[in-house]
Amino acid sequence: MKFNTKTIHGKQHPDVAYGAVMPPIYQTSTYAQTTPGGNKGYEYSRTHNPTRHALENAFASIENGTFGLAFGSGLAAIDAVLKLLKPGDEVISTNDLYGGTYRLFTSIFEDFGIKFHFVGMSNASNIENYINNNTKLIWVETPTNPMLNIIDIKATASIAKKHNILLAVDNTFATPYLQQPLDLGADIIMHSATKYIGGHSDLVMGALVVNDKELADKLYFIQNASGAICGPQDSFLALRGIKTLHVRMQRHCENGKAIAKYLATHPKVENVYWPGFKNHPNHDIAKSQMKDFGGMLSFTTKGNNYEEAIKLVENLKIFTLAESLGGVESLAGHPASMTHASIPKEEREKTGVVDSLIRLSVGIEDEEDLINDLKQALG
Ligand SMILES: *Cc1c(COP(=O)(O)O)cnc(C)c1O
């Protein structure tokens, strides 16, 4: 089955009770038993729920994986992966990581005796410098937020395999439409399904997908024991989102490309960060591991003026000034005053988050309307 069919039919079947084509929202906490332990596969909804189960199968299918797990948020999914570790274990992670992931690692798990190394991975071989006998996990995000850096998943996977270390890839920005990390050698895929998977800015959810049965069993145990599951209503919404993922992503990519090219020619624009440009430092890797370049991009304006950047995002009319990404509507953000405001100016500027940097999550509206909106705001 090809990807565009999998999003609709992958590991799905009509409901057993009445043949409903969409899985019903099983809004129930418990299930009747005929005799103690005599049930139809469901006992209690923290452990299993038929709507969530249908969604978990869909996650596995679209990522070419065997086992899917759904959580109450992307961070809850990451939390479950970190609970595979023990005090003394070490993690090597991307240095320009999603802020919430960085906070979970440093403000929660460091207190439980886990050590993190945040390293530049644009050159995968740099990872080897941080590996020792305690290294148990490599955490990769690609493309990264908000600088759109690209990390070579295949090269990272071969380093991880050589040293018997788990490789987890946060696939939120790319989605399985663009890149399938398990096929490239990763062990765990993580999603904030809040973004492109849900796709309509109407839910918060996380997911994991793995191939290895033993690893899946450990994660299912943590999912049930820690209990950070998502509810049946949100599971239904995410399932509905997945069915149009390929159509939405195609348009996100087309609009992203048009806007990146427009901005690159604008006299007031200094830099455009988008992996589709030939002069992007890891363009060749992006081209080899991604089907297209996605709908996320960032840019800076000449003069690098903080107030001007704020005025620009305030003047946008179709782009909404908001955090988050991946919905059908276009969003704009100013990292220096929003997502990265808590990071000291000198620190954030080291990774490229300068005062005039603006991040766009390009939606699926009309391309010309979006370009005209940027044109008037830049003017
Ligand atoms: C949003 C996001 C997360 C966190 O997911 P939540 O659903 O908000 O908990 C993790 N990684 C990336 C890349 C994200 O964009």
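In which loop is the place of P143?

Reply: The model is a predicted one. P143 has its place in the loop between β4 (135-141) and α5 (153-162). The peptide bond that joins T142 and P143 is cis, and its omega is about -5°. P146 is also found in the loop between β4 and α5. The bond from N145 to P146 is likewise a cis peptide bond, with omega near 0°.

Phi of K11 is near 55°, a positive value in a residue that is not glycine.

The ligand comes next. E141, a residue of β4 (135-141), is one of the residues around the ligand. By class, the shell comprises four nonpolar, five polar and three charged residues.

At L75, a backbone N or O atom lies 2.9 Å from an oxygen atom of the ligand. The side chain of D170 places an N or O atom 2.7 Å from a nitrogen atom of the ligand. The side chain of K195 has an N or O atom 2.7 Å from an oxygen atom of the ligand. On its own, the ligand has 380 Å² of accessible area, of which the protein covers 93%.

Two packed helices are described by the angle between their axes and the distance between the axes. Helix α8 (residues 232-243) packs against helix α9 (residues 245-265) at an angle of about 60°, and the axes are 5 Å apart. Because of that angle, α8 is oblique to α9. In this contact, G241, I242 and K243 of α8 meet L245, H246 and R248 of α9. The contact residues divide into two nonpolar, two polar and two charged.

Key:
Residues are numbered from 1 along each chain as its sequence is written. This is a predicted model: local features need pLDDT of at least 70, side-chain atom pairs count only at pLDDT 80 or more; totals for chains, interfaces and linings use all residues. Side-chain values use heavy atoms; hydrogens and water are left out. Axes are lines fitted to C-alpha atoms, for helices over the stretch in contact, and angles run from 0 to 180 degrees between N-to-C directions. Helices (H or I, at least four residues) and strands (E, at least two) are DSSP runs, numbered from the N terminus. Angles under 35 degrees count as roughly parallel, over 145 as roughly antiparallel, 65 to 115 as roughly perpendicular and the rest as oblique. Contact means heavy atoms within 4.5 Å. Ala, Val, Leu, Ile, Met, Phe, Trp, Tyr, Cys and Pro count as nonpolar, Asp, Glu, Lys and Arg as charged, and the others, Gly among them, as polar. A residue is near a molecule or strand if one of its heavy atoms lies within 4 Å of it. A polar contact is a pair of N or O atoms within 3.5 Å; within protein, one must be able to donate a hydrogen and the other to accept it, and residues adjacent in sequence count only if both atoms are side-chain atoms. Accessible areas come from the Shrake-Rupley method with a 1.4 Å probe; for residues, only the protein chains shown count as cover.
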